[in-house]
Structures are given as C-alpha cells and as structure tokens.
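The report below is meant for someone meeting this structure for the first time.

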Amino acid sequence: MTPAIEGVEGLLLDLSGVIYVQDEAVPGAADALESFRRAGLPVRLVTNTTMRPKRSILERLDRLGIKADPAELITPATLAKRRCEEAGYESVALVVMDELREDLEGLEEKGEGADAVIVGDLGEGWDYEVLNRAFRRLMDGAELIALQKNRYWETSDGLSLDAGPFVSSLEYATGREAEVMGKPSPAFFELALSELGISADHAAMVGDDVEADVGGAMEAGLAGILVRTGKFREDLVSESGIEPTATVNSIADVPGLIGSS
C-alpha cells in the first residue's frame with residue numbers, strides 16, 4: 001500500500017493522460033476533482049498541450065463531464081505571451097497550429113526581423129521548410145521560445161513524437177538553448193504555485209510523464225505523484241532514474257493518497 005502524503009494544501013493536475021486519454025475521461029477523474037474541491041484544496045489544471053487553445057481544452061473537458069473553471073487552466077501559451085510582453089518584444093514568428101494563435105493574440109507576427117520565434121507542436125505539419133525558416137530567423141538574432149519540450153505523447157495509435165525533438169534540432173543547429181515555457185520549466189511551476197497561493201513544499205503535482213511532470217515538479221520542490229495511465233511505461237520510468245514521491249494506478253487513487261477522499 002502506498003503511504004499517504006501529508007501536508008498537501010494544493011494540487012497541480014496534468015490533463016492528457018491523467019484527466020483524460022484521447023477522447024475518454026479517465027474513470028474516476030470527475031469524482032476525484034470533486035473530492036479535492038469538497039476538501040477545500042485549490043487545483044490548477046496544467047498542461048503542455050500546444051495544439052489547442054484554452055477555449056478548445058475547456059470545451060473538451062465539458063464534453064467529457066469534467067467541471068473546470070477557466071481560471072484553473074494554465075497553458076504554456078499563457079507564459080509565452082507574458083514573457084514577450086515583459087521583454088518588450090515588438091514582433092514574433094509563430095511556429096504553432098493555427099488554432100493556438102488565439103491564445104497569443106496581441107503579439108504582432110512578423111516574418112523578417114522577429115524578436116522571438118515561438119515554437120509549439122505542429123503534429124504532422126513538421127517538415128524541412130518549417131524548421132529551416134525558423135532556423136534562419138533564430139540565426140538573425142531572434143530568441144527561441146519553446147512552448148514545451150516533451151519528447152513524445154500518447155496518441156490514439158500509440159506513442160508519437162512531440163515538439164521536443166524539433167526544438168532540440170533548432171537548439172543543435174543554432175548552438176543556443178530554448179527558453180522553455182511548459183513543464184518542467186521552473187517558471188511554469190512558479191506561475192502555478194503563485195496562482196495556488198501556496199509554497200512548493202505544500203503542493204503536489206499529478207502526472208503521467210515521469211520527466212516533465214514528476215521530475216520537473218520534484219526539482220521545483222513539490223511532491224510528484226505518477227499515475228499509471230496515459231503515456232506511463234514501466235521501462236521508461238526505470239530508465240529515467242526518477243523516483244516519484246508516490247505512484248498510483250490513476251487519479252482516482254489520489255484523494256485517498258492525500259487524505260481528501
């Protein structure tokens with residue numbers, strides 16, 4: 001039996017692989033969320049998804065019977081827009097799905113002379129031309145801002161490449177590191193904790209990605225709870241060298257783990 005985790009006053013919950021897998025809610029996810037809320041635990045739904053805007057994510061949750069307040073949802077695009085505004089960037093180049101552009105509204109897009117190149121996931125839209133165009137803008141001095149750098153994700157037909165390998169190719173070609181907005185970026189966890197209004201040692205992150213979710217959270221001082229749903233693979237967890245604070249079968253087990261059931 002997994003020992004209980006004491007002192008948890010707020011939760012960060014990954015979406016894909018934890019709350020839902022593809023177009024199905026994880027059994028018990030809605031009930032778990034209600035348990036957290038009844039216990040007075042503040043929750044933030046944190047995702048590295050860069051293929052859909054916040055509006056679309058909230059619509060999906062609603063279809064799946066998952067109640068979520070827009071204020072509870074934090075995405076990498078939120079941080080990217082904030083970074084560009086704080087840096088005073090006058091123009092950007094967007095390497096993102098067309099649908100995601102609504103979350104970056106207000107940032108002026110410019111072909112040549114952009115201050116930053118913002119890279120998300122293009123799915124099957126990746127090709128040489130897209131990467132080379134981004135590469136040239138970076139070599140002209142633009143900052144590389146990666147919405148996330150996940151290596152792979154769970155799709156309907158199995159594991160598939162995420163944005164990380166393509167971001168890494170741009171880093172290798174330019175000799176510069178990307179500023180990563182999503183998990184496991186420390187800035188992402190700092191933002192989430194500031195919204196929860198609690199310190200890291202009183203928060204826990206629940207995720208299916210042992211590196212970006214659990215490893216990133218534990219590096220930031222949070223407890224890391226790994227679920228055996230979504231992209232979870234026992235061999236990949238072993239290879240990571242990361243020892244989660246706790247590992248459970250699914251989010252349905254988390255209320256009992258933190259005493260909020």
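Predicted model: local features only at pLDDT ≥ 70, side-chain atom pairs only at ≥ 80, totals over all residues.

Just after helix α5, G175 takes a positive phi of about 75°.

**Helix α5 and the four-stranded sheet**

Helix α5 covers residues 164-174, and its buried residues are G164, F166, V167, L170, E171 and T174. In an α-helix there are 3.6 residues a turn, so residues three or four places apart point the same way. The buried residues of α5 are covered by elements that include β7, the helix α4 (128-139), β8 and the strand β10 (158-161).

Two of those elements, β7 and β8, belong to an open sheet of 4 strands, which has the order β6-β7-β8-β11 and is paired in the parallel sense. At its edges stand β6 and β11 (179-180), each of which pairs on one side only. Helix α5 packs on this sheet, where it touches β7 and β8 (143-146), and its direction makes about 165° with that of β8. Within the sheet, β6 and β7 are joined in parallel by 4 bridges, and A93 stands opposite V117 in β7.

Between β6 (92-95) and β7 (116-119) the chain passes through a loop, and G111 has its place there.

**The six-stranded sheet**

A further open sheet is built from 6 strands in the order β5-β4-β1-β12-β13-β14, again with parallel pairing. Its edge strands are β5 (73-74) and β14 (246-248), each pairing on one side only.

| Strand pair | Bridges | Facing residues |
|---|---|---|
| β1 and β4 | 4 bridges | L13 and L45 |
| β4 and β5 | 2 bridges | V46 and I74 |
| β12 and β13 | 4 bridges | M205 and G224 |
| β13 and β14 | 3 bridges | V227 and V248 |

In a regular strand the side chains alternate between the two faces of the sheet. In β4, V43 and L45 point one way and R44 and V46 the other way, and all of these residues are buried. In β13, which comprises residues 223-227, A223, I225 and V227 point one way while G224 and L226 point the other way, and again all are buried. Strand β13 is accordingly described as mostly covered, with 5 of its 5 residues buried.

**Helices α6 and α7**

Helix α6 (residues 186-196) lies across β1 (10-14), β4 (43-46), β5 and β12 (203-207), and it runs at about 155° to β4. Helix α7 (residues 210-219) is also mostly covered, since 7 of its 10 residues are buried. Those buried residues are V210, A212, D213, V214, G215, G216 and A217. What do the buried residues of α7 pack against? They pack against the strands β1, β12 and β13 and against the helices α6 and α8 (234-240).

**The largest pocket**

The largest pocket holds about 350 Å³ of space. Its lining consists of 23 residues, of which S16, T47, T49, W153 and D162 lie nearest the centre. How many residues of this lining are nonpolar, polar and charged? The lining of the largest pocket divides into 3 nonpolar, 8 polar and 12 charged residues.

Conventions: Residues numbered from 1 in each chain as written. Heavy atoms only, no water. Pairing = 2+ DSSP bridges. Contact = heavy atoms within 4.5 Å. Axes fitted to C-alpha atoms, helices over the stretch in contact; angles between N-to-C directions. 1 Å grid on protein atoms, 1.4 Å probe; cavity = no way out; pocket = protein on both sides within 12 Å on 5 of 7 lines; lining within 4 Å. Points joined across faces, edges and corners; volume = space filled by probe spheres on them. Nonpolar A, V, L, I, M, F, W, Y, C, P; charged D, E, K, R; others polar. Buried < 20%, exposed > 50% of the residue type's maximum accessible area, 1.4 Å probe, protein only.
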